[in-house]
Amino acid sequence: MAEEECSLKVLLEEKDREIAALKCKLAQLEKSHAPALELHGKVTPLTPLRAKPALSNEDIMRYSRQLLLPELGVKGQLNLSKTSVLVVGCGGLGCPLAQYLAAAGIGRLGLLDYDEVELSNLHRQVLHGEENQGHAKALSAASAVRRLNSTVECIPYHLQLSPENALQLIQQYDIVADCSDNVPTRYLVNDACVLSGKPLVSASALRMEGQLTVYNYRGGPCYRCLYPLPPPPETVTNCSDGGVLGVVPGIMGCLQALEVLKIASGQGSSCGQQLVMFDGLGAKFRSIRLRPKQADCAVCGENPSVTRLVDYETFCGSAATDKCRKLNLLSRDQRITVKDYKSILDNSDPHLLLDVRPLVEVDICHLPFSLNIPLSNLEERKSEQIQLLQEKISQLKQQTAGDCRPPVFVICKLGNDSQKAVQVLEKMSGSEVDSITVKDISGGLMAWAQTVDPTFPQY
Ligand SMILES: [Zn+2]
């Protein structure tokens with residue numbers, strides 16, 4: 001009898017192990033059948049996000065550390081699970097933002113970006129890896145987010161937000177986070193959020209500084225209430241022009257995630273009427289109170305003139321891209337191509353090459369025969385530098401046997417600042433310095449690297 005009991009026990013244990021192994025296999029199979037991430041090239045209607053009736057044991061374990069917070073609790077966690085967030089831009093702000101929203105258990109994440117991953121993104125766009133170079137950023141971000149939390153529904157959009165698709169897209173989400181880096185997109189996202197009544201959590205980062213505000217939230221102002229008119233395009237600096245330390249957008253993206261989570265969980269954001277400013281150099285945060293919603297605001301005011309989305313690139317006078325902006329300040333005869341300049345070099349035609357980039361960029365790379373005078377020094381008419389320029393022009397005049405307007409070519413990184421410098425130099429020509437013929441080298445050193453000298457570094 002005892003023997004029979006014993007063998008039955010052994011048999012049962014064996015069956016238990018078999019059942020456990022089968023359960024494990026089933027779970028793995030179910031996971032591998034999770035729908036593949038599909039990159040959306042256009043906006044399609046989404047099924048409504050269903051609220052969870054209760055937290056599963058796995059949810060309780062996964063979110064246990066935040067469930068303990070009285071500010072969140074089970075109710076807040078369930079609220080997160082029924083909230084959808086659209087992240088506009090999967091770059092330096094969007095990566096940490098999406099990461100923390102997914103980790104915290106947001107219900108649905110729309111990840112929008114029309115760019116591909118590049119090596120120069122990786123110092124700040126921390127969801128992407130070296131192996132993702134050349135792949136769509138939205139898909140790369142979505143894969144990383146899914147690895148972190150497969151229970152979050154992720155929708156990668158490989159498309160550019162436009163007046164044609166923005167409303168349809170934004171209407172399908174509860175909260176919008178603007179992680180873009182250009183003025184037209186900021187106005188477009190703002191107007192679409194106002195027209196569809198969605199809160200907009202907006203951040204920006206440049207060099208060592210960042211800013212954060214929540215717009216169109218609980219009666220607070222919208223972006224247009226504060227900035228009714230776009231800044232002149234030539235005064236706007238983005239990260240590819242001005243540089244940024246990767247951790248700075250990291251900090252701002254985390255702050256954005258915090259405000260989104262507070263809104264989504266039901267606790268509410270306190271940033272609806274204030275601007276949070278981060279100074280990375282001084283390691284300081286400062287909050288300033290914003291002016292309230294404006295009755296005469298063009299989009300959220302009492303008699304709005306913007307009642308549907310408009311052409312934001314025309315409105316702002318610049319392209320809705322986070323990459324290099326191309327200014328067109330000069331006429332065609334004031335510019336030459338890098339190939340034309342190469343022939344001037346090959347022919348040893350006497351000329352002066354003026355590089356107007358800041359010294360920090362000249363230290364990265366430069367053409368050895370160029371004279372560096374930063375644009376700002378020209379604009380401010382720094383006397384030492386103007387004197388140096390005059391000396392070089394005098395030398396050039398001797399070489400060109402008294403050419404009354406010897407040629408000066410101006411170069412910078414992308415051909416924007418160099419155009420401004422040409423305008424400044426033309427004003428100086430014949431008065432502050434001897435008369436010169438000034439021309440801009442179109443596309444700058446990056447065009448030089450792409451079409452003339454592939455060994456020249458690109459940055
Ligand atoms: Zn407004």
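Hi everyone, let's start in the sheet: strands S9 and S13 (residues 437-441) run parallel and are joined by two bridges. Strands here are DSSP runs of E, at least two residues, and helices are runs of H or I, at least four, numbered from the N terminus. Ile 336 has Ile 441 in S13 as its bridge partner.

A quick word on the model: it is predicted, with local features needing pLDDT of at least 70 and side-chain atom pairs counting only at pLDDT 80 or more, while totals for chains, interfaces and linings use all residues. Residues are numbered from 1 along each chain as its sequence is written.

Back to the sheet. It is open, has five strands in the order S9-S13-S12-S10-S11, and the pairing is parallel (strands pair if DSSP finds at least two bridges between them). S9 (335-336) and S11 (371-372) are the edge strands, each pairing on one side only. Helix H17 (residues 417-428) packs on this sheet and touches S12 (407-411) and S13, where contact means C-beta atoms, placed from the backbone, within 7 Å. The direction of H17 makes about 175° with that of S13.

Now, how do H4 and H11 pack? Helix H4 (residues 73-81) meets helix H11 (residues 247-265) at about 105°, their axes 8 Å apart. Axes are lines fitted to C-alpha atoms, for helices over the stretch in contact, and angles run from 0 to 180 degrees between N-to-C directions. So H4 is roughly perpendicular to H11, a label for 65 to 115 degrees. Gly 76, Asn 79 and Leu 80 in H4 face Leu 261, Ala 264 and Ser 265 in H11 across this contact.

Key
Angles under 35 degrees count as roughly parallel, over 145 as roughly antiparallel, 65 to 115 as roughly perpendicular and the rest as oblique. Two residues are in contact if their C-beta atoms, placed from the backbone, lie within 7 Å.
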